[in-house]
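Please examine the sequence and the coordinates shown below before reading on. The paragraphs that follow lead through the structure step by step.

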Amino acid sequence: MLQVKELSKNFGGVQAVKNVTLEVNKGEIVGLIGPNGAGKTTLFNMISLFLPSNSGEINFLDEKIDTSTPEAVVGKGLLRTFQTPVGFPKLSLLENLMVVPPNDSEGLFSIFYKKKKIIREEQEHYDQVCGLLRQFNLYEKRNELAENLSAAELKLLELCRQLMANPKIMLLDEPASGVNPIMLDKMVQHILRLRSEGMTFLVIDHNLGFIYRICDRIYCLANGELIASGTPQEISNNDKVKSVYLGAS
Amino acid sequence: MEILVFLSGLIALGGIYAMLAVALNINGGILGLWDLGVVGYFAVGAYSYTLLTIDAPEGLGLPMFAGVIGSVIITGLLSLFIGYTSLRLQSEYLLITTFAFAEIIRIVAANEEWLTNGNIGIFGLDKPFQDLIPGANYMLFFTGLVLISLAIFYFFAQRLADSPMGRYMRAIRENEIVTQSIGKKIFATKLKVFVLSSSMVGLVGCFYVWYMSIIAPNMFTSAITFTVWTALVLGGIGNNRGAVIGAFVLILVQEATRFIPVPAEYSVVLAGLRQFVSGMMLILVLRFLPQGLIAEKFKSVEKIFKFHDNTIILEPKGVGKNAASQGAE
């Protein structure tokens, strides 16, 4: 579904990502781990086209996307979340999600000449959002501003928001950081449920327990290079991973 | 009677600033662009109206309504150019660029004497329906005209702010990168809103010409931009009602300083006092009401469109809780 071939990026003299090749198949949950500064988020930024890559190729759904724009990639169904979830702090949860669907009514004057159509559309989106908020147990807070949510709830909101855009694959950047164990269980349940409904994930996280629990395969990055890949079992026994990541010798 | 004419003049000026503040609020308050070029579009609107309507050889001698429409179009086109070149910049950089454009426009107006008659300006400009209404009452009529168009501006801006477009604009203000990550074309939207807001400012330029009945480059210094921004911050940024109230309060307070009885030799000091007063108001408001006199109010879509929720409850776990809360509502 998603293939990354020999992708590289350097910032001046710093080689942030070096010839990384990885693949995510449909329905898989693939983990991406590595010490701080390994280039994981840079890789995400390149895949979602927020950053232009220096060389290499990105294929999504058998199409070369690396010359496309971030908006176009989202349209194809590749969504990413952010490490620090803030969302839209001064918008309510409802608005945070209702802003997502591509809206015909986003014209300056459309509210004046096609009001009926807009209301119908809004009602549809509203129903969709309410259903989603119920699934994630955020429904009660639908009229609260996003800035009043806890960190864990913001992570869930982040997930909901990207779900509103009908993703085929989701790139999650540290969904488990700052989430308490009980909420983490719920997060795992949500991710596994979405996978059973056909979603594909590429997940960055530092919480290895979480990664081992949900992932089918794991890639390990260090200093911009891929040093290992395999099943959770293989990764947890890999000496290279242990030495760069866990500090064991 | 004289006091009435004076007061209505004051209200007309307040109304003109209020229209500017409402237009700026769409751009700076709801979309969150730091636009310091307000006076630039204001000047372009005013000058293009004047040059379109005054008689040849200086102007084209078009009728008034054509002048108004023309000035809106010209301002729109110019702001399309300014926006296209500068809207990729963020906050401070955008601020300084738009400010520079406004200064360029003023300096061009001061120096291109063949077009604008330079620093001397153009005098004795006509006002709408001047012949129909006798001299003394004209100001009252004009004030009415200003207030009516202010009401239209307000209605338009309020509708826009409540629509899905308004929500989208606020999302861009709150977090541009996230807005991009859900597949929105931010630059195009910014440009669209920027042109709309600037054209509205251009339209207000016509009212300013009617109000002053002269036009000269020194009417369009950056002081106007700062007054409008001060009014917006004072009233409550992001809130149309706040923009209107802020503008009226600021103008009335500034003009009220004229009535402080002082000996003639202090009149210069007093002129400086007006700046002091608006600065002081700004500081006090920011200290005690950081969101302005009227804070931006959050309106739920449920209220705007009177939605009721008819989703099926999906998770059995939530059933009892949701049913209970719905009952409570």
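In chain B, residues 24 or more positions apart account for 76% of the contacts with a separation of 6 or more, two residues being in contact if their C-beta atoms, placed from the backbone, lie within 7 Å. The model is predicted, so that local features need pLDDT of at least 70 and side-chain atom pairs count only at pLDDT 80 or more, while totals for chains, interfaces and linings use all residues. Residues are numbered from 1 along each chain as its sequence is written, and chains are lettered from A and ligands numbered from 1 in the order in which they are written.

Chain B has 14 helices and 0 strands; helices (H or I, at least four residues) and strands (E, at least two) are DSSP runs, numbered from the N terminus. The C-alpha trace of chain B spans about 80 × 45 × 40 Å along its principal axes. Of its 329 residues, 43% count as buried, a residue being buried if 20 or more other C-beta atoms lie within 10 Å of its own, exposed if 12 or fewer, and partly exposed in between, with C-beta atoms placed from the backbone.

In soluble globular proteins, nonpolar side chains tend to be buried together. Leaving aside residues up to four places away in sequence, F42(B) touches L20(B), V201(B), V204(B), G205(B), Y208(B), F220(B) and I224(B).

A further position in chain B is L150(B), which lies in helix 6 (residues 135-162). L150(B) counts as buried because it has 24 C-beta neighbours inside 10 Å. With residues up to four places away in sequence not counted, L150(B) touches G15(B), A18(B) and M19(B). From L150(B) to V204(B) the C-alpha to C-alpha distance is 9.6 Å, although the two are 54 residues apart in sequence.

Chain A contains 10 helices and 10 strands. Its radius of gyration, taken over C-alpha atoms, is 19 Å, close to the 18 Å that the globule rule gives for 249 residues, so chain A is as compact as a globular protein of that length. The globule rule is 2.2 Å times the number of residues to the power 0.38. Buried residues make up 43% of chain A, and residues 24 or more positions apart account for 67% of its contacts with a separation of 6 or more.

Within chain A, an open sheet of 6 strands has the order 6-7-8-3-9-10, with mixed pairing; two strands pair if DSSP finds at least two bridges between them. Strand 6 (78-80) and strand 10 (225-230) are the edge strands, each pairing on one side only. Strands of a sheet pair through backbone hydrogen bonds, either parallel or antiparallel.

Strand 3 of chain A is joined to strand 8 by 4 bridges in parallel, where G31(A) has V203(A) as its bridge partner. Strand 3 also pairs with strand 9 in the parallel sense over 4 bridges, with C220(A) as the bridge partner of I33(A). Because 5 of the 5 residues of strand 3 of chain A are buried, this strand is largely enclosed by the rest of the structure. Both its faces are covered, with I29(A), G31(A) and I33(A) buried on one side and V30(A) and L32(A) on the other.

The contact between the chains takes 44 residues from chain A and 35 residues from chain B. On the side of chain A that touches chain B, helix 5 of chain A supplies the largest share, 10 residues.
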